[in-house]
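Morning, everyone. I'd like to walk you through the side-chain packing and pairing in this one, so let me put it up on the screen.

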Amino acid sequence: MVNYRCPKCSSPHSVGVDKIFDGRLIFRCSKCKICSIVPVTGSMDEAYLDFLDRYESGTGVADTGDLKLLMEQERIIRPAKEIDAFMAAANTVGDQLLEDVLHSQQDYVVDFQALEEPPPEIGSGIEGLPVDETIINVLKSKKIEHLYSFQEQAIKKILQGNDVVITAPTSSGKTEAFCIPILQKIAEEVPRFGSLRTGKGKVSAIFVYPTKALSRDQLPKIKELAEPLGARIAVFDGDTPESERSSVIESPPEVIVTNFDVLHYHMMHRTKFSRMIRTAKFLVVDEAHVYTGVFGANVHHIIARVERLAGKKLQLVAASATLPNAEEFCQTLFARRMHVVKGKGRRGRINLAIIFPSLRSYRSLALDLLRQTTKRKHRTIAFASSHLGSELMAFYGSRQGVSIRVHRAGLPPTLRKEIEQQFKSGQLMAISATPTLELGIDIGDVDAIISNIVPVNRLTQRVGRAARRGQQGYAFLALGNDPISQYYKMHPADYLSDHEYAYTDPTNPFVLEYQVLAMACDRPLSMIESKPVWDAVQKLVSKGSVKMVKERFVPDLREAMKILNEYSIRGIGTRVDIKFNKKIIGDRSLPQALEELHPNAIYFLAGRRYKVQESHFEQNSQPYAELAAIPADYPYYTKALTDEWPSILEIYERKIVFGVEVAYCALKIQKKVMGYANIEIGQEVAQGKKVFLDKPLEYEFVTKGFVFRAPRPADILEKVDDEQYVEMSGFHASEHVLIEGSAMITGGASQDLGGISLGSSGLIFVYDGSIGGNGASRALFDRLDKAFGRSLRILSECPCKSESGCPRCTYSYRCGNNNEFLHKHAAIEVMNRIADGEKTEIGDNVWGDRALV
């Protein structure tokens, strides 16, 4: 912290400096209480000289009481009386945690309310359920006399043979809603279970969960309902011991609990397990909202393969978090119409605060919230949306003495289980988590949730983690240094109405090709079966992985397995192994791996940082990166500098948005990692010192996206000397704000998107970051009119005075150009012209003089 001499009282180090979110600085003396808000035009020392000039001239300097009033007027902080009114309305006066957090004088309290939802509507008594008496007795033993109305509705629809999706928050009773009717239907088909069982059993139902941990977490709940009926349940996945696997195969249970990775693997390898599941009549897919993007596209085809081997349509039941487009999404995912049943959750009172960091960074706010909750012995989950975000929170938290560990995908299962058990037993006060812990894994009592900015239905899912045992809970939504946070600070009501839309794209040609090859391995394709996937079949024939034998398409199993064993249904790109001391400790997929594992990249794993010592991306060999340990006080992490070039392969659809022609198309993206920027640890900046690689890393892939030509900012170009720089920087800033702001419109799709603006041509490309496409760009393409409107408001309402903008309007933390070549005012004119209906066409010549990404 820099402190300066006071010009009034001459105290040598009494003048402290605070940075306001819009870039201005507050100088204030702790002794004589003079202060001033100073715009930054150079260094902090130059700003201090400006402060001295203001004092000497007697203008622009006041006492701290006047400063506080000014900050309240500019919505830098919230007036104390308004915060007190919030707390009085929520009946939380005297709650010391909330008093300290909301009255910090460093943040703007956007909203505060106590969430006390009425309990879900009660349905009929369990005695009236059309199910076996044994099930009734199990419910009575659990002190359940009535089901919730949504559970009763789901049970009846499933018993009638309908395909059903149940949407409700975490821990609302979805498991009982699908278990009861499916176990009842199994009971009706088998005269009696238990001691009267003769011969081998058969699988009647497959319950699929997205993670092995969740499968095991839910198993006791399923068994509690099934075992009194005599129905057997077994988990079969990658963690099942060999002895248990043999037992399952030799004597199949009525219900098998597994995941889509296992189904995919065993069907294509024609194992005994794949033959065993052909008798199934019911398929349950829990946490269906997880199956978005490329993962969802694979799941779509795997379900079709299960039904193909079973020789029939299975009755399909899905359970999901609350989604605004549940019916539309599930129809795409499952290729059939689903009956939607909506339920509510049950939990204790939650105190929810939405906080904007005005005089500090997002990370400083989040860490302060973590300290405040854990020092009061509140067990806390701090959510981040990315691997890096969760690692940084644990890294900084541990440095400040917080008992915290990282929980995310990519960690060994034994380590994740250890962390869950430590938290459940109280040995660990906090977990820094990615969205993996939004799922229904039971980790015991959670008192507080700290979340980064996510769509409100995702926040509801996270908040559902707290106060599940009926105790009072706390939820803090920490806004950040980004365009969406800036927008929601000004328009909090919009936050409560902007929901996440789930999306996937089963037509992804790369997914289809792999899945058709797997289908042929399951069982050769007949001519009739090949017709709907003819193009994919012909590609496989041309590559020699499939051939025609007696009117059937038969795989070359050796070649097919070589291809499929390298393929992950959770992402298409080639796997890159991560090694430390010559041992594999993780992996990433291309193209993302290029940006994270280039030479000298800093890579975070389980709260520690490593440097990439060697990167090997050579063709015809397994790519890998070798990590080396670095000192704990190493001052940087890295951000890749990239260069990309798009080519349009095929246009699927054109439309006019306002006056702008937009085309949804297949694209080829040529990507290069040119170097990296060193970002100083602890500095909330989106720019860093650039270092260029001796030899760029190159990769190209095919995906989907859309393109449009933005109108020229002609008015501002008349007033500047360097027209080309301003024009291309205006288009680059427009591309940034469109993608960063899109998460409000589509619900997080910006994480799955990339963007390129082609120099001064005005051509802007927005594309899916996954090979073949993931549906994210389509979700934005369908709502582009709303996205343009939001982009304009983000730019025009941001109070920053910088020509290039700031992290809250034009900067992107995914920018491959180190957030250079940005012009805020040119971007405002571009968006204004779009909103006014100025007509543009893409044209035949798709070119540009420099690609900005």
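Predicted model: local features only at pLDDT ≥ 70, side-chain atom pairs only at ≥ 80, totals over all residues.

Residues are numbered from 1 along each chain as its sequence is written, and side-chain values use heavy atoms, with hydrogens and water left out.

So, what counts as a ring pair? Rings of Phe, Tyr and Trp (its six-membered ring) pair if their centres lie within 6.5 Å; planes under 30 degrees apart are stacked, over 60 edge-to-face, and the rest tilted. There are 26 aromatic pairs in the structure. Take Phe21 and Phe356: the ring centres are 5.1 Å apart and the planes sit at 90°, so we call that pair edge-to-face. Phe21 is in the loop between strand S2 (15-19) and strand S3 (25-29), while Phe356 is in strand S16 (residues 350-357), so the pair ties together parts 335 residues apart in sequence. Helices (H or I, at least four residues) and strands (E, at least two) are DSSP runs, by the way, numbered from the N terminus.

Phe21 comes in at 11%, which counts as buried, and Phe356 is buried at 0%.

Phe27 sits in strand S3 and Tyr48 in helix H1 (residues 44-57), 21 residues apart. Both Phe27 and Tyr48 are buried.

On to the cores. By a nonpolar core I mean a set of buried Ala, Val, Leu, Ile, Met, Phe, Trp, Tyr and Cys residues joined through side-chain atoms within 4.5 Å. The largest one has 122 residues, and Phe178, Phe207 and Phe708 have the most contacts inside it. Helix H26 (residues 723-747) gives the most to this core, with eight residues. There's also a second, separate core of 44 residues, and Leu263 and Ile303 are among its members.

Now, charges. A salt bridge here is a side-chain nitrogen of Lys or Arg within 4 Å of a carboxyl oxygen of Asp or Glu. That rule gives a count of 37. In Arg778 with Glu653, the closest N and O atoms are 2.9 Å apart. Arg778 is in helix H27 (residues 776-781) and Glu653 in strand S30 (residues 636-657), so this bridge ties together parts 125 residues apart in sequence. Arg778 is partly exposed, at 26%, and Glu653 is partly exposed too, at 30%.

Which residues share salt-bridge partners in one network? That would be Asp107, Arg360, Asp368 and Arg371.

For a local example, look at Glu420 and Lys417, whose side chains meet in a salt bridge at 4.0 Å, N to O. Both lie in helix H16 (residues 413-425), three residues apart, about one turn of the helix. Glu420 is buried at 4%, whereas Lys417 is partly exposed at 42%.

That's my tour, thanks.

Note on methods
Buried < 20%, exposed > 50% of the residue type's maximum accessible area, 1.4 Å probe, protein only.
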